[in-house]
Amino acid sequence: MSHFVCPVCNCELMLEGNVFRCRNNHCYDRARSGYVNLLMSQAKKVHGDDKTMLLARRNFLEKGYYKPLLDKLTKIIIRCVKNNDVLLDAGCGEGWYTDNIYRELKSRDYNVHVIGIDISKNAVELLAKRNKEIETAFASVYKMPVKSESCDIVLSVFAPVCAEEIKRVLKRDAVFIRVYPLERHLLSLKKLIYDNVVLNELPNRDIEGLKLAESHTVKNIINLGTNGDILNLFMMTPYYYRTSQSDKGKIAETDKLSTETEFGIDVYRRL
């Protein structure tokens with residue numbers, strides 16, 4: 001049985017061959033790569049991160065520059081997880097974190113059902129191709145096609161957070177883990193590009209109905225030794241699309257860069 005629900009009537013979806021079907025006979029084909037489109041939008045536009053940004057992120061993350069964050073996140077999840085839990089990555093992107101967490105849990109013999117959703121069709125396709133055992137859907141975090149009170153852990157890594165949806169899908173006393181950049185994250189990269197640099201704005205950490213149980217920081221200096229790695233880091237951030245061609249040229253001329261990586265991790269419990 002799928003943990004997804006029909007975006008039209010909210011009834012449970014059953015997978016029949018390569019078709020997800022609810023009792024009201026609403027049907028959704030599973031793509032060849034393995035994801036299902038459950039986004040209720042008729043707008044003919046590209047949603048979420050584009051392929052350029054996603055491939056840059058995948059190539060950068062595969063080098064291990066953010067592994068300290070992944071390791072800390074995985075340790076927190078291992079402390080919280082139980083057999084037969086449901087873990088939802090709400091805004092999974094191309095799935096580097098989702099896939100690595102899944103594989104670590106499996107290596108420790110945890111039987112955990114992992115779900116990944118994202119507003120970018122390109123992103124969920126990459127995750128679906130990467131790991132066939134993760135249930136993957138093209139969907140919005142603001143209207144998640146997931147059963148109410150069905151998730152033991154919800155994860156949000158640099159993704160928008162819809163508090164009402166998070167609370168809806170969490171079981172009682174379940175865990176929500178949020179990862180966000182701290183004020184000085186990638187400060188030296190920004191100094192390379194821009195004349196006037198501002199610190200990152202921190203999110204509002206108060207979420208009604210959820211109790212902040214613990215907080216962690218992961219801080220490091222990464223040393224990028226090739227222009228390709230620097231360019232991938234730049235292209236996987238929103239800065240790439242907000243930067244003039246002349247400022248982008250500063251990246252093209254740089255072969256080495258040391259920059260800060262600073263992350264906050266907040267762990268909430270549903271009241």
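**Charged and aromatic side chains**

Modeller: With a relative accessible area of 3%, Glu 94 is buried. Please bear in mind that the model is predicted.

Biologist: Which residue forms a salt bridge with Glu 94?

Modeller: Side chains of opposite charge can pair when their charged atoms come close. Here the closest N and O atoms are 3.4 Å apart, and a salt bridge requires a separation within 4 Å. The partner of Glu 94 is Arg 57.

Biologist: How many residues apart in sequence are the parts that this pair of Arg 57 and Glu 94 ties together?

Modeller: Arg 57 belongs to helix H1 (residues 51-61).

Biologist: Is Arg 57 buried or exposed?

Modeller: Residues under 20% relative accessible area count as buried. The relative accessible area of Arg 57 is 15%, so this residue is buried.

Biologist: In which helix do Glu 164 and Lys 167 both lie?

Modeller: These two residues form a salt bridge, with the closest N and O atoms 3.2 Å apart. Glu 164 is exposed, at a relative accessible area of 55%, whereas Lys 167 is buried, at 16%. They are three residues apart, about one turn of the helix, and that helix is H5 (residues 163-169).

Biologist: Which residue forms a salt bridge with Asp 266?

Modeller: The closest N and O atoms of this pair are 2.8 Å apart, and the cut-off for a salt bridge is 4 Å. The partner of Asp 266 is Arg 205.

Biologist: Where do Asp 266 and Arg 205 lie, and how many residues apart in sequence are the parts they tie together?

Modeller: Asp 266 is in strand S11 (residues 257-270), and Arg 205 is in the loop between helix H6 (187-193) and strand S10 (210-224). Asp 266 counts as buried at 0% relative accessibility, while Arg 205 counts as partly exposed at 33%. The pair therefore ties together parts with a sequence separation of 61 residues.

Biologist: How many salt bridges does the structure hold?

Modeller: Some of the charged residues are linked in a network of salt bridges, namely Glu 62, Asp 99, Arg 103 and Arg 130. For the structure, the number of salt bridges is 21.

Biologist: Glu 135 is buried yet has no salt bridge. With which side chain does the side chain of Glu 135 make a polar contact?

Modeller: Glu 135 is found in strand S7 (residues 135-138). The nearest side chain of opposite charge, Arg 30, is 7.4 Å away, and a salt bridge needs a distance within 4 Å. Among the residues that Glu 135 touches are His 3, Phe 4 and His 113. The polar contact, at 2.5 Å, is with the side chain of Ser 2.

Biologist: Let us turn to the rings. How many aromatic pairs does the structure hold, and what is the arrangement of Trp 96 and Tyr 97?

Modeller: The structure holds eleven aromatic pairs. The rings of Trp 96 and Tyr 97 have centres 4.9 Å apart and planes at 80°. Planes over 60 degrees apart count as edge-to-face, so the arrangement of Trp 96 and Tyr 97 is edge-to-face.

Biologist: Over the ring of which residue does the charged end of Lys 248 sit?

Modeller: The charged end of Lys 248 is 4.1 Å from the centre of the ring. The residue that carries this ring is Tyr 240.

Methods
Residues are numbered from 1 along each chain as its sequence is written. This is a predicted model: local features need pLDDT of at least 70, side-chain atom pairs count only at pLDDT 80 or more; totals for chains, interfaces and linings use all residues. Side-chain values use heavy atoms; hydrogens and water are left out. Helices (H or I, at least four residues) and strands (E, at least two) are DSSP runs, numbered from the N terminus. Buried means under 20% relative accessible area, exposed over 50%, partly exposed in between (1.4 Å probe, protein chains only). Lys and Arg count as positive and Asp and Glu as negative; His and the chain ends are not counted. A polar contact is a pair of N or O atoms within 3.5 Å; within protein, one must be able to donate a hydrogen and the other to accept it, and residues adjacent in sequence count only if both atoms are side-chain atoms. Contact means heavy atoms within 4.5 Å. Rings of Phe, Tyr and Trp (its six-membered ring) pair if their centres lie within 6.5 Å; planes under 30 degrees apart count as stacked, over 60 as edge-to-face and the rest as tilted. A charge sits over a ring if NZ of Lys or CZ of Arg is within 6 Å of the ring centre and within 35 degrees of the ring normal. Lists of a residue's contacts leave out its neighbours within four places in sequence.
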